[in-house]
Structure formats: structure tokens, C-alpha cells
Amino acid sequence: MKAVRYHRYGDSDVLVYEEAERPAPGPGQVLVKVAGTSFNPVDAAIRGGALHEVFPLAMPHVPGIDASGTVAELGAGVEGRRVGDAVVAFLPMTADGAAAEYALAPAEALAAAPRTVAPADAAALPAVGLTAWQSLFELAEVRAGQSVLVNGAGGAVGAYAVQLAEHAGAVVTATASARSADRLRDYGADRIVGHIDYTAAPFTVEGAPFDAVLNLAPTTPEEIAALAGLVADGGALVSTTTPPPEEPRRGVRTARVLVRSDADQLAELVSRVDAGRLRIDVADRRPLADLPAVHADAAAGRLAGKTVLIPA
């Protein structure tokens, strides 16, 4: 089969589109014929070696933590799945991923794929959708009637976060560039803030204080501390980037997001997609062989939105 692999850590040029052995499913595993995978920033961080102590890899490694496709083979002991089932999954970060024609997935990570989107496009859902869900509902504990600030809402996680917060009945303020403003309003954002001026005195954002702040943007320690000041007493500050400071005096809960695979949550996201309540936004679709170029575009800041990679 064809796969994109890297044999050592490094820049995007270590990624090679090459022949690889088709894997065979072991006990509790499913072999998926891949319809699509997608690029996530963590893929680049792992490839560069920055996370080698957290996510140790065996080389050569196939990246791609998002997978959509159909079940091709079942390993021993797998129940509830049949060959030909359309599935999606968030794959383990330390195992070979879905940047290949076939990929192994733990059976417990699989959810039925959405019926209402193209099979490849479903790969744009698992990692970022689960990140948004766990940030809002597990860590920030967002409820109806609360106010939520989504900082850096123009990216893939932000699109899901705005939609899910709106579903929960929250009042949503989103920070994003002008090119994303109309899309986020369509997704349910009540207020769009084009830019946060961290140097302003006093520092504030329209709508503050917020019951929950979800930070998805690269921030300095000083900037994330400033965002903590926008949280109401007893509220929550959750960040996918810079770890937030502790705020025990005001009862503010803080957390950095470490997303995990959860098939039940993924199935709930899929059900909302099929019900027309949650939209999957794909900015670009490219052949799998272009994955090295996608990594290079991401490093140069040329990647806007979610890119799906499709095997030939």
C-alpha cells in the first residue's frame, strides 16, 4: 500500500510518500480502508520531535490521528462491527496513523461515520470536534445561559466550539479575523471581536466578565494571564495552547486541554452532523501525496482551516 511516513524527526522534508506493508489487525483492532485523514497542528509537533517524551514513536512512523473510511478486516474478539461499515476514529498518537491506504484502529475508538457528508470529509471531525466538546463540557462545564468567550475561533476547533456552545444555550463571543466573521455568525456566535489588544489599560473585551473563556490562540504567559482576568469569579479558563495560570482566590478553574479518544462523544458529534445541527467545515481537499507540502504550508502560516488528505 501507499503511505506517508517519516524515518526520523525533522522538518516537513522528512515526510516521504512511499510503499509500506499493509498492516494486519491484532486482537481488539480493526483494519480501516482509509477514505480520508486530516492535518492537525499536533502532527507537526510530533513529527518535529518536540513531543517525543510525551508521545514516543517507533520509526518509521505513519502520521494522521484522524481517520474516516470503511472496515476492511476485523481482529480477534471484535464485536459490533462488520466488514464494510463506514467509520470514523481518533487514533492513538503513538501508533501508526491514517496517512495511508489502510490504517489500524482500536475497535473501541470507532464510531459510525456521518451519513450526510462525503466519506473523506468526515476525517475533519474527530480530533478537533472532541477537543471542542471536552473543553466546553468536561473542563469548562458550560451550561445554558452562561457567557462564553472563544479566543481564536477562526480555526477548526473554534468552529466546532462556537456551534457546540450555541447548542448548549450559551451566549457566545468569538475573536476572529474578518475573513471568518460571517461564518462564525452563521454558526451561532452572538458577538465577533476582531482583535484583542492585550496592551490596553484597562484590559477588557466586550461582554466580560465571561463564565468561561476557551483559548485556542497562541498566547504568551502574560497574555493568558490577562485572559484569566476576563473570567468571572467561579468561572473557567481552558486553553489548548499556553497553560493557564491558577486562579484559586477567585474560584476560577483553569485547565490545559489534552484531548483523548472517546467513541461515545464522537458518536454524539456524528449524530448532530447527520441531524444538520453541526457543520463540518473543510477548507481544502488534497491527495495524500501532498501531505509533506501541507506540513510545509502549515509551518509557513499558509494553511487556513481544515485540510483533508485523500488516498489515491
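**Helix packing, cores and backbone**

Modeller: This is a predicted model. Let us begin with a helix pair: the axes of helix 3 and helix 4 (residues 178-187) come within 9 Å and cross at roughly 30°.

Biologist: What makes helix 3 and helix 4 roughly parallel to each other?

Modeller: Angles under 35 degrees count as roughly parallel. The crossing angle is roughly 30°, and helix 3 and helix 4 are therefore called roughly parallel. Helix 3 passes helix 4 in a right-handed crossing.

Biologist: Which residues of helix 3 and helix 4 meet?

Modeller: From helix 3 there are A159, V162, Q163 and E166, and from helix 4 there are R183, L184 and Y187. By class, the residues of this contact are four nonpolar, one polar and two charged.

Biologist: Which residues have the most contacts inside the largest nonpolar core?

Modeller: They are L125, L136, V150, V162, L184 and L269, in a core of 68 residues. Helix 3 (residues 156-167) gives the most to this core, with seven residues. Another core lies apart from it, with 14 residues, among them V34, A103, A107 and L110.

Biologist: With what is V150 in contact, leaving aside its neighbours within four places in sequence?

Modeller: V150 is in contact with G158, A161, V162, V172, T173, A174, T175, L214 and L216.

Biologist: Why does A263 count as buried?

Modeller: Buried means under 20% relative accessible area. A263 has 15% relative accessibility, so A263 counts as buried. A263 lies in helix 6 (residues 263-274). Leaving aside neighbours within four places in sequence, A263 is in contact with E108, A109, L110 and A111. A263 and V88 are 175 residues apart in sequence, while their C-alpha atoms are 9.1 Å apart in space.

Biologist: R272 is also in helix 6. Why is R272 called buried?

Modeller: The same cut-off of under 20% applies. R272 has a relative accessible area of 13%, and therefore R272 is buried. Not counting residues up to four places away in sequence, R272 touches W133, L164, H167, R277 and L278.

Biologist: Why is E141 described as partly exposed?

Modeller: Partly exposed is the range between the buried limit of 20% and the exposed limit of 50%. With a relative accessible area of 40%, E141 is therefore partly exposed. E141 is in the loop between helix 2 (126-139) and strand 8 (147-151).

Biologist: What covers the buried residues of helix 7?

Modeller: The buried residues in helix 7 (residues 291-299) include L291, P292, V294, H295 and D297. Their cover includes strand 1 (2-5), helix 1, strand 14 (284-287) and strand 15 (307-310). Helix 7 is followed by G301, whose phi is positive, near 75°.

How values were computed. Residues are numbered from 1 along each chain as its sequence is written. This is a predicted model: local features need pLDDT of at least 70, side-chain atom pairs count only at pLDDT 80 or more; totals for chains, interfaces and linings use all residues. Side-chain values use heavy atoms; hydrogens and water are left out. A nonpolar core is a set of buried Ala, Val, Leu, Ile, Met, Phe, Trp, Tyr and Cys residues joined through side-chain atoms within 4.5 Å. Buried means under 20% relative accessible area, exposed over 50%, partly exposed in between (1.4 Å probe, protein chains only). Helices (H or I, at least four residues) and strands (E, at least two) are DSSP runs, numbered from the N terminus. Contact means heavy atoms within 4.5 Å. Axes are lines fitted to C-alpha atoms, for helices over the stretch in contact, and angles run from 0 to 180 degrees between N-to-C directions. Angles under 35 degrees count as roughly parallel, over 145 as roughly antiparallel, 65 to 115 as roughly perpendicular and the rest as oblique. A crossing is left-handed if the near helix is turned anticlockwise from the far one by less than a right angle, and right-handed if clockwise. Ala, Val, Leu, Ile, Met, Phe, Trp, Tyr, Cys and Pro count as nonpolar, Asp, Glu, Lys and Arg as charged, and the others, Gly among them, as polar.
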